[in-house]
Amino acid sequence: AYYALNMYPPIEPYDSGTLKVSDIHTLYYELSGKKDGNPVVFLHGGPGGGVHEKDRQFFNPEKYNIILFDQRGSGKSTPTASLEDNTTWDLVKDIEKLREHLKIDKWNVFGGSWGSTLSLAYAQSHPDRVKSLVLRGIFTLRKTELDFFYQNGASHLFPEAWEEYIAPIPEPERRDIVLAYHAQLNSVDEQTRLTAAKAWTKWEMATSKLYMDPEHIAEAENDHFSNAFARIENHYFVNSGFMRDGQLLEKQEIDKIRHIPTIVVQGRYDVICPATTAYDLKKVWPEIELHIIPDAGHSSREPGTSKKLVEATDKFADL
Ligand SMILES: CNCC(=O)c1nnc(C(C)(C)C)o1
């Protein structure tokens, strides 16, 4: 329950809406907490993961105006799972469109996993709009990062789940599993797409916590969630996030955001976004506060991680 994770109690939005951001894409967003409070925008993971009602609970609702939205093709945004006009830089533009739509000048940014990737890309593109950054499970989509989780690395720690993940891929295609999945996730045959989407998603859900969580794993059985999550993640990964390898960690990029108060929370046993990337970020950006949680994996909702994330948002609540 939320108190065991040191999170704030469940709350309902005080408002929600949709925002048309391109010829085909419309975003779903929702506002919670204090209407005229300190604004914070939550950038969800995946990409393609969508927001979850529990994501509102990382923030003090008496202090923050909490803004959650589903990125292109994710969650309640439409068209679901669409890969058209769906790139990192389209999402960065969407965040600015949402900020202007909500008449916000500057805001705090919170993101984990892919959400940390997008937070860094957004801050480096619009540093003057970012009051603070709280990042979890640092992910910068370098080839080494993708290879570790999707080709050869995490597979050594979760051999049972790995066997299920590679099952849909014929042996000869296993030398590039992400590419092989791209073919199946974009197949003309709907059943092929769905089978691949569930196997892809189950691999991530099975490995996201220090202790495997059957309830979390069962979320992969949700067709709508898995289809969007798998198709959009795979699309971004085969395109290397539409960035140069290591771009977000380049000194010239970090110099643009070095002044922004930033707290990073990283699980020691995160096998999806291993701690080495958070450490590389710290080496190029020593000004950040880096907390490595000794008994956590990748998920935002493991006790040590959620406690530290709430401490971080409490620290920035009056900025
Ligand atoms: C490689 N993807 C990591 C990521 O962004 C992620 N992992 N789990 C999630 C959800 C919480 C959205 C399922 O996102």
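Val40, Phe59, Tyr64, Asn108, Val109, Phe110, Ser132, Val134, Thr313 and Phe316 line the second largest cavity. Two elements give two or more residues each to that lining, strand S5 (107–112) and strand S6 (130–136), and S5 has the largest share with three residues. Helices (H or I, at least four residues) and strands (E, at least two) are DSSP runs, numbered from the N terminus. By class, the lining of the second largest cavity comes out as seven nonpolar, three polar and no charged residues. For these classes, Ala, Val, Leu, Ile, Met, Phe, Trp, Tyr, Cys and Pro are nonpolar, Asp, Glu, Lys and Arg are charged, and the others, Gly among them, are polar.

A word on the ground rules: this is a predicted model, where local features need pLDDT of at least 70 and side-chain atom pairs count only at pLDDT 80 or more, while totals for chains, interfaces and linings use all residues. Residues are numbered from 1 along each chain as its sequence is written, and side-chain values use heavy atoms, with hydrogens and water left out.

**Cavities and pockets**

Searching the whole structure turns up two cavities of 30 Å³ or more. On a 1 Å grid over the protein atoms alone, a cavity is a set of points where a 1.4 Å probe fits but cannot get out, a pocket is an open set with protein on both sides within 12 Å along at least five of seven lines, and lining residues have an atom within 4 Å of a point. Grid points are joined across faces, edges and corners, and a volume is the space filled by probe spheres set on the points.

| Space | Volume | Lining by class |
|---|---|---|
| Largest cavity | about 60 Å³ | six nonpolar, two polar, three charged |
| Second largest cavity | about 30 Å³ | seven nonpolar, three polar, no charged |
| Largest pocket | about 880 Å³ | nine nonpolar, 17 polar, eleven charged |
| Second largest pocket | about 310 Å³ | four nonpolar, four polar, six charged |

Which residues line the largest cavity? They are Gly46, Ser113, Phe139, Glu145, Phe149, Tyr150, Glu204, Glu233, Phe237, Ile272 and Cys273. Helix H3 (143–150) and helix H8 (223–238) are the elements that give two or more residues there, and H3 gives the most, with three.

The largest pocket has 37 lining residues, and the closest to its centre are Gly49, Gly50, Val51, His52 and Phe225. Strand S2 (26–33), strand S3 (38–43), S5, helix H6 (190–207) and H8 each give two or more residues to this lining. H8 gives the most, with five residues.

As for the second largest pocket, 14 residues line it, and Leu5, Lys54, Lys209, Glu215 and Arg301 lie nearest its centre.

**The ligand**

Where does the ligand sit? Its space is the largest pocket, going by the rule that a molecule sits in a cavity or pocket if more than half of its atoms lie within 2 Å of its grid points. Around the ligand are 14 residues, the closest being Gly46, Ser113, Trp114, Glu204 and Glu233; a residue is near a molecule if one of its heavy atoms lies within 4 Å of it. H8 has the largest share of this shell, four residues, and by class the shell has seven nonpolar, five polar and two charged residues.

Now for the polar contacts, each a pair of N or O atoms within 3.5 Å. An N or O atom in the side chain of serine 113 is 2.6 Å from an oxygen atom of the ligand. Glutamate 233 has a polar side-chain atom 2.8 Å from a ligand nitrogen, and for histidine 298 a polar side-chain atom lies 3.4 Å from a nitrogen atom of the ligand. On its own, the ligand has 380 Å² of accessible area, and the protein covers 86% of that; areas come from the Shrake-Rupley method with a 1.4 Å probe.

Proline 47 is in the loop between S3 and strand S4 (64–69). The peptide bond from threonine 78 to proline 79 is cis too, with omega near -5°, and proline 79 has its place in the loop between S4 and helix H1 (88–101).

Finally, leucine 141 has phi near 60°, a positive value in a residue other than glycine. Leucine 141 is found in the loop between S6 and H3.

Terms used. A polar contact is a pair of N or O atoms within 3.5 Å; within protein, one must be able to donate a hydrogen and the other to accept it, and residues adjacent in sequence count only if both atoms are side-chain atoms.
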